[in-house]
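Please keep the structure open beside you as you read.

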Amino acid sequence: MKRDKVEAKDRLLAAGLKYFASKGFDGATVREICDEANSNIAAINYYFGDKQGFYSAVKEHALGIRQKAMDRCWELVETDPWGALRMQIEMMLDETFDDTMFQVSWLFLRELLDQDENADKKKSEETLYDLQTDARRKLYIERMTRLLTGLLGPEAATSDNLSLLHYTYHSLC
């Protein structure tokens, strides 16, 4: 029974990721998501409260997927920075062909694109989300600095060189 609940919740999250990534919050309907997940609409209310709660859970689910993939890369930074960079680039290339990672990327891109349209709807989430995003961003910058310092070596890792390499790397991504 418990396993069935976990599977139903996972199916809803996967379907939600697919539809929110392709159609956005306003474009995706709970009905089509539930049809895709082979679930009923009441399951959204049971597991997530409402559509907004479900959307928040899908975003957290997507962050978890991306975080799991990136953790493998960050583990290599201290011992093999070139291997870490290679792994990160391979993961980004794989995202093009992996449906789930592609959907994760599109969900966050859509989040950026739809930000102004949904500003009023997001007021209640804004502060918590901004704090979480800021903490993640700081951790990411710290990790990227360690990676780039490892690649350049301590003597060449000036703040100007790190900034230039960081900008170049993200432009390529």
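## Ground rules

Contact here means heavy atoms within 4.5 Å. Leaving aside neighbours within four places in sequence, F20 is in contact with F25, A28, I33, K51, F54, Y55, V58, L107 and R110.

This is a predicted model, in which local features need pLDDT of at least 70 and side-chain atom pairs count only at pLDDT 80 or more, while totals for chains, interfaces and linings use all residues. Residues are numbered from 1 along each chain as its sequence is written, and side-chain values use heavy atoms, with hydrogens and water left out.

Buried means under 20% relative accessible area, exposed over 50%, and partly exposed in between (1.4 Å probe, protein chains only).

## Aromatic rings

A pair of aromatic rings is described by the distance of the centres and the angle of the planes. Rings of Phe, Tyr and Trp (its six-membered ring) pair if their centres lie within 6.5 Å; planes under 30 degrees apart count as stacked, over 60 as edge-to-face and the rest as tilted. The structure holds 7 aromatic pairs. One of them joins Y46 and Y47 edge-to-face, at 4.9 Å centre to centre and 80 degrees between the planes. Y47 also pairs with F48, and here the centres are 6.0 Å apart and the planes at 55 degrees, so this pair is tilted.

Ring pairs link F20, F25, Y46, Y47, F48, F54 and Y55 into a cluster. K51 lies over the face of F25, at 4.6 Å from the ring centre; a charge sits over a ring if NZ of Lys or CZ of Arg is within 6 Å of the ring centre and within 35 degrees of the ring normal.

## Helix α3 and its surroundings

In α3 (residues 41-48), the buried residues are A43, I44 and F48. Seen down the axis, they fall within an arc of 105 degrees, so they line one face of the helix. The arc is that of the directions from the helix axis to the C-beta atoms. Just after α3, G49 takes a positive phi of about 90 degrees.

N38 lies in the loop between α2 and α3. Its phi is near 55 degrees, a positive value in a residue other than glycine, and N38 is exposed at 66% relative accessibility.

E32 is found in α2 (residues 30-37). Is E32 buried or exposed? E32 is buried, with a relative accessible area of 18%. Not counting residues up to four places away in sequence, E32 touches Y19, K23 and G27.

The structure holds 0 disulfides, a disulfide being a pair of cysteine sulfur atoms within 2.5 Å. C34 is buried at 1% relative accessible area, and C73 is buried at 0%.

Note on methods
Helices (H or I, at least four residues) and strands (E, at least two) are DSSP runs, numbered from the N terminus.
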